[in-house]
Amino acid sequence: MASQTISQPRLALRSVDRSFGPVQVLHGIDIDLRPGEVHALIGENGAGKSTAMKIMTGYLAPTGGTVELDGKPVRFGSSETAEAQGVVLIHQEFNLAEQLTVEENVFLGRELRRGLFLDKAAMRRKTAGWLSELRCRVAPTDRVSDISNPDKQLVEIAKALGRDAKVIVMDEPTAVLTNSEAEALFEQIDRLRSEGAAILFTSHKLDEVKRISDRITVMRDGVVVTTKPTSEMSEDQMAEAMVGRELKDLYPVRRGALSETPALQVEGLTVPGHAEDVSFTLRQGEILGIAGLIGSGRTEAMEGLVGLRRHTGRVRIGGQDATIRTPKEAQELGLVYLTEDRKSRGLVLNMGLRENLTLTSLRQFAKPLLDRRAEEEALTKAIRDFDIRTPARDTLAKNLSGGNQQKLLIAKTMLAEPKIVIIDEPTRGIDIGTKQQIYDFIHRLAAEGTSVIVISSELPEVIGLSDRVLVMRRGRMAGEVAGADKTEDAIVRLAMGLGAASREEEPA
Amino acid sequence: MTTTTEGGAAPAKARHGVNLHVLGPILALIALVIVGALMNSNFLSAGNVTNVLARSAFIGIIAVGMTFVITAGGLDLSVGSMAAFIAGLMILVMNLALPSMGVGLPVMLLGIATALVAGLVAGWINGILITTMRIEAFIVTLGTMGIYRSLVTWLADGGTLSLDFGLRTALQPLYYSGILGISWPIIVFAIVAIIGEVVMRMTAFGRYCAAIGSNDQVARYSSVNVNRMRLYTYVGLGLLVGIATIMYVPRLGSASSATGVLWELEAIAAVIIGGTVLKGGFGRVWGTVIGVLILSLIGNILNLTDAVSPYLNGAIQGVIIVLAVILQRESKAGD
């Protein structure tokens, strides 16, 4: 590799087309990844980013055009051939064997041997080395099913390191990470870059793109709109290039005064092992944000509140004492929780849109036999009201893009006609155009008198959307910010338990 | 040729026009009927058809219940032993009550009630262990399978429990008579199958079963009481085992450790052949009915012809089951 010039791309797509059946999803795209450079690929959901990444890493073959590795055309027959040549894709949904240990995963398929037997000691040593380079605290002998999502992400990267990757393609690596975890990941990306790796990643978080990338490629509707050095693009310009139109203010403004009537009063809510003595009041028509690090017990406290977890504490809904032991009881009291995990807890991916839409409120449709026509009408209405873009009415939920799945999940939750709705990560992994639709929708809901709790890891979102923000830390309520105090800085300090403004990482 | 699936959540739809997943079991059944008719002229006679259907009824009634259990992501291996135990219990209770009650309707109703209650309780025990105690369905029902088999052997003291002869004559109409020449087992099987199909396709419970089998977390987060729905599937299956036993007892008038052996496998096989997904998430009762008929027709054809020894019945059934699962997977791969 001595004769290589700086400008020669390590991996390049040259006017690549790709069709699925009659549908062409990529139209002659050109992207080149250079050694020692971090390249960001951005675009709305369905713009073709995933397809492009899969073609780069051998998961899909192009139907036209070529893939070049170090200047020579290559044809990766499979992801294994690509990996053997140092091109690795790190999936958004992790590709780890949950029941195996970290070390077994890192060396899966290329185990070190001594004679007939596995050389466990050597594998463990090397794995530990890579993990410590990544500042990952898990032990090589930990079972993957027992470690957290950010740690799984790091294990995936350790796996790529172990494969001597020259090109690392990451599909939304920070989607499941908190800000401080993402920061740790960026330091690793910085290090890999300085060692000469070519890195491509996608993200919906434009501040991250600005922070870490050297060049940006924007895709829209299967074509490359522009490729520019990051220094020449502001976040607004990125967003506009992605959406193809000018974006007005992302967050709607509250119209009219906030009611003083409490809709939900929670006192001393305790979810064993996750949340302790959480108390707050939610007013009618209010949007209340809940912030905190991942693992701060935000989600678990709310899951406890709606009866998905065992809990103690006093809950009053509309002034009346309420006992909630199951989600069904919560729903009957007008309280519904919308999960952050739409793929494994929100939607039955193998069922149709109609079956998913009506699942939470199926009793409304049972008279006692299910009223199929009413269900179809509900679907028609949901597709219209929530602007769900679907290839066909009778498709399975898994065929929708992430943003449209989220809209379907919201439609499903709203069909239960809640008076109080808890939305956990309303826009995770969703493009900016759809985000705006969801924000508008949440505001409309509040204006109609529904009380909303929004849990979010994205600080601009939780600040821009909510009237007040509660901050949780280690299972307890750390504080509340409202009005002019509602700043990222104030929230981060509360979430970290800091008196002074510093962004040090929280010790586990 | 295009085929559209009527059901709500049909899994993969084949790309090449014909949906093997839907048509497969039906075509297999038609082929078997043609083969049977060509090989033996008696095959399509009213006597033989009635005989096949009546013998299918026991497994069929149980298999309808099994369809719900499997659709909701469960399994029940205990149904064969459960049937034997319930049969033994029913005979024992009726024999014991005979001296005080005499032959007549009261003692028959007592027997029927015994079977129904025993079935409900047995299914409830399976269900509670699986849902509330969170033990794998496979382990629980493997355990109860052994327990019931052993209990019936113990009740019969290693031999056979026989119904009092007078009672047996009185009960016989439950198996042998019927309405308009159709015997009770066939009528009951038909009613159970129709109700099962309606419940599966057109009620909230059926939809919940499919959702739970597909992803129980999503169901839980969608306010579905997952444990209770699962429990209902096992209780329902237990009740259906009880109903099947009520008609099985008058047929032979006895129960022993050999009663109901391998019924669980036949019932599960019928469900799978019919297109219900073994891992859960999708089930169809009409498919199960066809699966049951396919299995009993194979046995019947082997009995009527000399080409293959009837002793190979089990082997041929085994091949069919494996084939059915392979076909299921292929239609999934086209996804």
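## Ground rules

Because the model is predicted, local features are given only at pLDDT of at least 70 and side-chain atom pairs only at pLDDT 80 or more, while totals for chains, interfaces and linings use all residues. Residues are numbered from 1 along each chain as its sequence is written, chains are lettered from A and ligands numbered from 1 in the order in which they are written, and side-chain values use heavy atoms, with hydrogens and water left out.

## Where the chains meet

Let us start with the interface. On the side of chain A, 31 residues are in contact with 22 residues of chain B (contact means heavy atoms within 4.5 Å). The size of an interface is often given as the accessible area lost when the parts come together. Here the two chains, A and B, bury about 2,400 Å² between them, with 56% of it on carbon and sulfur atoms. Buried area is the accessible area (1.4 Å probe) that two parts lose on being put together, summed over both.

Nine residue pairs are in polar contact between chain A and chain B, both residues being at pLDDT 80 or more. A polar contact is a pair of N or O atoms within 3.5 Å; within protein, one must be able to donate a hydrogen and the other to accept it, and residues adjacent in sequence count only if both atoms are side-chain atoms. On chain A, helix 10 (327-332), helix 11 (342-346), helix 12 (353-358) and helix 13 (372-385) each supply at least two residues of the side that touches chain B. Helix 11 of chain A gives the most to that side, with four residues. Helices (H or I, at least four residues) and strands (E, at least two) are DSSP runs, numbered from the N terminus.

Ser222(B) is buried, with a relative accessible area of 0% (buried means under 20% relative accessible area, exposed over 50%, partly exposed in between, with a 1.4 Å probe and protein chains only). Leaving aside neighbours within four places in sequence, Ser222(B) is in contact with Leu359(A), Thr360(A) and Lys412(A). Within chain B, the side chain of Ser222(B) reaches the backbone oxygen of Val218(B) at 2.7 Å.

## Salt bridges

Side chains of opposite charge can pair when their charged atoms come close. The rule used here asks for a side-chain nitrogen of Lys or Arg within 4 Å of a carboxyl oxygen of Asp or Glu, and the count comes to 41 salt bridges over all chains. One salt bridge is found across the interface of chain A and chain B: the side chains of Arg207(B) and Glu375(A) meet at 2.9 Å, N to O. Arg207(B) and Glu375(A) also belong to a network of salt bridges that includes Arg354(A), Glu355(A), Glu376(A) and Arg393(A).

Within chain A, Arg211(A) forms a salt bridge with Glu183(A), the closest N and O atoms being 2.8 Å apart. This pair links distant parts of the chain, with Arg211(A) in helix 7 (residues 206-212) and Glu183(A) in helix 6 (residues 179-194), 28 residues apart. Arg211(A) is partly exposed at 35% relative accessibility, and Glu183(A) is partly exposed at 28%.

Arg316(A) is in strand 16 (residues 312-317) and Glu267(A) in strand 13 (residues 262-271), 49 residues apart. Arg316(A) counts as buried at 18% relative accessibility, whereas Glu267(A) is partly exposed at 36%. Another salt bridge joins Glu458(A) and Lys435(A) at 3.3 Å, N to O, and both residues are buried.

Asp17(A) lies in strand 1 (residues 11-20) and is partly exposed at 25% relative accessibility. Leaving aside neighbours within four places in sequence, Asp17(A) is in contact with residues including Gln24(A), Leu26(A) and Pro62(A).

Asn404(A) lies in helix 14 (residues 402-414) and counts as buried at 9% relative accessibility. With neighbours within four places in sequence again left aside, Asn404(A) is in contact with Asp387(A), Ile388(A) and Arg389(A).
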